[in-house]
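Visitor: Hi! Could you walk me through this one?
Guide: Happy to, here it is.

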Amino acid sequence: MTKIIKYSKEEKNNIKLIEDLVNFLFINLENFGDPIQYIENAMNYAFERTNSNGGFAAVAYDDNDVMLGVAVVLYTNMKGVFPENLFAYLAVDKNHRHQGIGSQLMQYVLDNTNGSISLQVDPKNTARQLYEKFGFDVKYLEMRLYRM
Ligand SMILES: CC(C)(COP(=O)(O)OP(=O)(O)OC[C@H]1O[C@@H](n2cnc3c(N)ncnc32)[C@H](O)[C@@H]1OP(=O)(O)O)[C@@H](O)C(=O)NCCC(=O)NCCS
């Protein structure tokens, strides 16, 4: 039985939890991952360890409190200009995929956020199917100017 727990700014000084979340994501995002510093930055934003609008991490655990999946949402406070929620990360332990845990985390995120949600997904990532199943659609082409 999977249970999902939501963590946010109340845990901002829980360094062990934050490290566990960062490491879990770093390992399990695999080919679609980010440098660990980027993941740390997102976690610092979500937990308001930096000047931010906050957010949360939703964590799926098994009966023995082993972490099976993590979703991270950042609040933008930009309603009308950008979606209010940025779905920054979703990953499930590679040994526990295709058991519905990613879908449970998606549903949890939808149930625990207000307003619109944006996310980025590599067009080649099969996670796209999961997002489409939950109603996500491509509305705009995202363009970036990369600068150092
Ligand atoms: C994407 C991810 C979170 C899905 O987690 P999961 O627990 O396996 O997801 P579910 O079991 O709930 O599957 C949900 C749906 O996703 C799709 N899906 C997920 N992984 C898939 C895969 N490898 N191949 C094909 N479809 C897949 C299917 O449509 C599936 O629906 P179905 O079970 O009705 O067929 C997981 O594969 C993962 O952690 N991947 C690596 C990290 C990643 O890419 N994250 C997203 C970055 S944008």
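Guide: A handy term to begin with: angles under 35 degrees count as roughly parallel, over 145 as roughly antiparallel, 65 to 115 as roughly perpendicular and the rest as oblique. Also, this is a predicted model, where local features need pLDDT of at least 70, side-chain atom pairs count only at pLDDT 80 or more, and totals for chains, interfaces and linings use all residues. Residues are numbered from 1 along each chain as its sequence is written, and side-chain values use heavy atoms, leaving out hydrogens and water.

Visitor: At what angle do helix 1 and helix 2 pack?
Guide: Helix 1 (residues 15-28) and helix 2 (residues 36-46) pack at about 135 degrees, with axes 10 Å apart. Axes are lines fitted to C-alpha atoms, for helices over the stretch in contact, and angles run from 0 to 180 degrees between N-to-C directions. Helix 1 and helix 2 are therefore oblique to each other. Helices here are DSSP runs (H or I, at least four residues), and strands are too (E, at least two), numbered from the N terminus.

Visitor: Now the ligand: which residues come nearest?
Guide: Of the 22 residues around the ligand, Leu90, His98, Gly102, Ser103 and Asn125 do. A residue counts as near if one of its heavy atoms lies within 4 Å.

Visitor: Which helix gives the largest share of that shell?
Guide: Helix 4, with five residues. Strand 4 (85-92), helix 3 (101-111) and helix 4 (127-133) each supply at least two.

Visitor: How far is a ligand oxygen from the side chain of Ser103?
Guide: An oxygen atom of the ligand is 2.6 Å from an N or O atom in the Ser103 side chain.

Technical notes. Polar contact = N/O pair within 3.5 Å; in protein donor to acceptor, adjacent residues only side chain to side chain.
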